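Let's take a walk through a protein model together. Have a look at it first, and then we'll pick out a few details.

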Amino acid sequence: MKEGWLYILRIVFVSIVAFVLQVTIVNEVWPGKASPDLVFIVLLLIIIDRGPVTAVVAGFLLGFLQDLGNASFLGMNALANSVVAYGVSRLGRDYLPEAVVFRMFLFFSAYLVKSIIVLNITESFSFIRVISFFFRFSVLSAVYTALIAVSLWKFIQLVSERVVRPGGGY
């Protein structure tokens, strides 16, 4: 039970750090308006092997955290992250193999779906504006987000693997 609380505290800490880095450094340092979404990357890494209910709750909470940064569309990221989290959880856990290419495709397409939801809300379903912003910024942001997410996912897999020695110890 104690490890469960430590896991939740680590997720909360990493989410807050990702949010602070997103609003302070990434949007200022990254060239152009296309930039990786660090909070979304944290969400992807949390939910990839979790059940759909956990994924939707995590998506809603992290999306709400993002919405607190810009309250003009309160609930927009919570909705988008919840929908995407459900899909990623179902596809990543039940249907797609754990190969890097499939995970990268999953993360890339997940960001594009989130971007379509967010663009339709912010641009009031104006088809021309949504398509314009989608191809100008969302595709490149999805590439950045997918590359960073799959790199971190693979790194976490490598670090968390336990090596059993011939004598039986770790």
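Is the crossing in which α2 passes α6 left-handed or right-handed? Keep in mind that this is a predicted model. In it, α2 makes a right-handed crossing as it passes α6.

How do you describe a pair like that? Two packed helices are described by the angle between their axes and the distance between the axes. Here, the axes of α2 and helix α6 (residues 127-160) come within 10 Å, and they cross at roughly 40 degrees. That angle makes α2 oblique to α6.

Now zoom in on the side of α2 that touches α6. From α2 come F40, I41, L44 and L45, and they meet T145, I148, A149, L152, W153 and I156 in α6. Sort the residues of this contact by class and you get nine nonpolar, one polar and no charged residues.

For charged side chains, we have to look elsewhere. The structure holds two salt bridges. In one, the side chains of D37 and K114 meet at 2.8 Å, N to O. This pair ties together distant parts of the chain: D37 sits in the loop between α1 (2-29) and α2 (38-47), while K114 belongs to helix α5 (residues 100-122), 77 residues apart. D37 counts as buried because its relative accessible area is 8%, and K114 is buried too, at 4%.

In the other salt bridge, the side chains of R129 and E123 meet at 2.6 Å, N to O.

Terms used: Residues numbered from 1 in each chain as written. Predicted model: local features only at pLDDT ≥ 70, side-chain atom pairs only at ≥ 80, totals over all residues. Heavy atoms only, no water. Salt bridge = Lys/Arg side-chain N within 4 Å of Asp/Glu carboxyl O. Helix = DSSP H or I, 4+ residues; strand = E, 2+ residues; numbered from the N terminus. Buried < 20%, exposed > 50% of the residue type's maximum accessible area, 1.4 Å probe, protein only. Axes fitted to C-alpha atoms, helices over the stretch in contact; angles between N-to-C directions. Parallel < 35°, antiparallel > 145°, perpendicular 65-115°, else oblique. Left-handed = near helix turned anticlockwise from the far one by under 90°. Contact = heavy atoms within 4.5 Å. Nonpolar A, V, L, I, M, F, W, Y, C, P; charged D, E, K, R; others polar.
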